[in-house]
Amino acid sequence: QVQLVESGGGSVQAGGSLRLSCATSEYTYSSNCMGWFRQAPGNEREGVAAFYFGGRNPYYADSVKGRFTMAQDNAKKTVYLSKVYLQMNNLKPEDTAMYYCAADTACVGSWNSSRSFHYWGQGTQVTVSS
């Protein structure tokens with residue numbers, strides 16, 4: 001069973017920065033897409049950013065463009081994804097949510113649909129105070 005191991009998150013003031021990391025637990029598992037989603041209390045889970053099917057540039061939600069940067073660890077030097085990061089700068093109170101890492105191989109559907117991803121991390125809390 002593939003597991004996604006997340007790290008990072010925490011509490012910062014508005015304007016601050018945080019970095020999230022996510023890695024697959026099995027060395028042999030390589031995904032075609034990995035993404036970050038977030039869910040605030042009472043809200044639906046929404047896509048934040050994702051690498052999808054070998055694209056060099058990740059997709060971003062409009063709400064985070066210019067502030068968040070998703071990167072991949074290319075240590076394995078393959079086209080597949082196994083470790084990704086989410087650098088979050090200029091954080092706003094509305095970014096407060098539980099952030100989840102997601103991965104899949106088939107990646108059927110749109111990058112920002114939670115149904116496109118089969119494997120999920122346990123979530124890490126990001127809290128931004130004003």
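Student: How many bridges join β9 to β10?

Tutor: Two bridges join these strands, which run antiparallel. Within this contact, A103 has Y119 of β10 as its bridge partner. Strands here are DSSP runs of E with at least two residues, helices are runs of H or I with at least four residues, and both are numbered from the N terminus. Two strands pair if DSSP finds at least two bridges between them. Please bear in mind that this is a predicted model, in which local features need pLDDT of at least 70 and side-chain atom pairs count only at pLDDT 80 or more, whereas totals for chains, interfaces and linings use all residues. Residues are numbered from 1 along each chain as its sequence is written, and side-chain values use heavy atoms, with hydrogens and water left out.

Student: Which other strands pair with β9?

Tutor: β4 (33-39) pairs with β9 (97-104) in the antiparallel sense over seven bridges, and there F37 has Y100 as its bridge partner. β11 (124-129) also pairs with β9 in the antiparallel sense, over three bridges; in that pairing, Y99 stands opposite T124.

Student: Why is β9 described as largely enclosed by the rest of the structure?

Tutor: The term to apply is burial: a residue is buried under 20% relative accessible area, exposed over 50% and partly exposed in between, with a 1.4 Å probe and protein chains only. Seven of the eight residues of β9 are buried, so the strand is largely enclosed. For the protein chain as a whole, 45% of its 130 residues count as buried.

Student: What is the overall secondary structure of the protein chain?

Tutor: The protein chain has zero helices and eleven strands. Its C-alpha atoms fill a box of roughly 40 × 30 × 25 Å along the principal axes. The radius of gyration, taken over C-alpha atoms, can be compared with a globule rule of 2.2 Å times the number of residues to the power 0.38. For 130 residues, a compact globule would have a value near 14 Å, and the chain has 14 Å, which agrees.

Student: What is the order of strands in the open sheet of four strands?

Tutor: The order is β1-β3-β8-β7, with antiparallel pairing. β1 (4-7) and β7 stand at the edges with a single partner strand each, so one side of each is left without a neighbour in the sheet. Neighbouring strands are turned by 15° against each other on average, direction ignored; the axes are lines fitted to C-alpha atoms, for helices over the stretch in contact, and angles run from 0 to 180 degrees between N-to-C directions. Within the sheet, β3 and β8 pair over six bridges, and A23 stands opposite K83 in β8.

Student: Which residues have the most contacts inside the largest nonpolar core?

Tutor: In soluble globular proteins, nonpolar side chains tend to be buried together. A nonpolar core is a set of buried Ala, Val, Leu, Ile, Met, Phe, Trp, Tyr and Cys residues joined through side-chain atoms within 4.5 Å. The largest one here has 37 residues, and W36, L86, M88 and Y99 have the most contacts inside it. The elements giving two or more residues to this core include β3 (18-24), β4, β8 (83-88) and β9. A contact means heavy atoms within 4.5 Å; leaving out residues up to four places away in sequence, Y99 touches, among others, L20, F37, L86, M88 and V126.

Student: How many disulfides does a search of the whole structure find?

Tutor: A disulfide is a covalent bond between the sulfur atoms of two cysteines. The criterion is a pair of cysteine sulfur atoms within 2.5 Å, and the search finds two. C22 and C101 form one, with sulfur atoms 2.0 Å apart. This pair links distant parts of the chain, C22 in strand β3 and C101 in strand β9, 79 residues apart, and both cysteines are buried.

Student: Is D95 buried or exposed?

Tutor: D95, in the loop between β8 and β9, is buried, with a relative accessible area of 1%. Beyond residues up to four places away in sequence, D95 touches R38, R67, F68, N90, V126 and V128. The C-alpha atoms of D95 and V126 are separated by 7.5 Å, although these residues are 31 apart along the chain.
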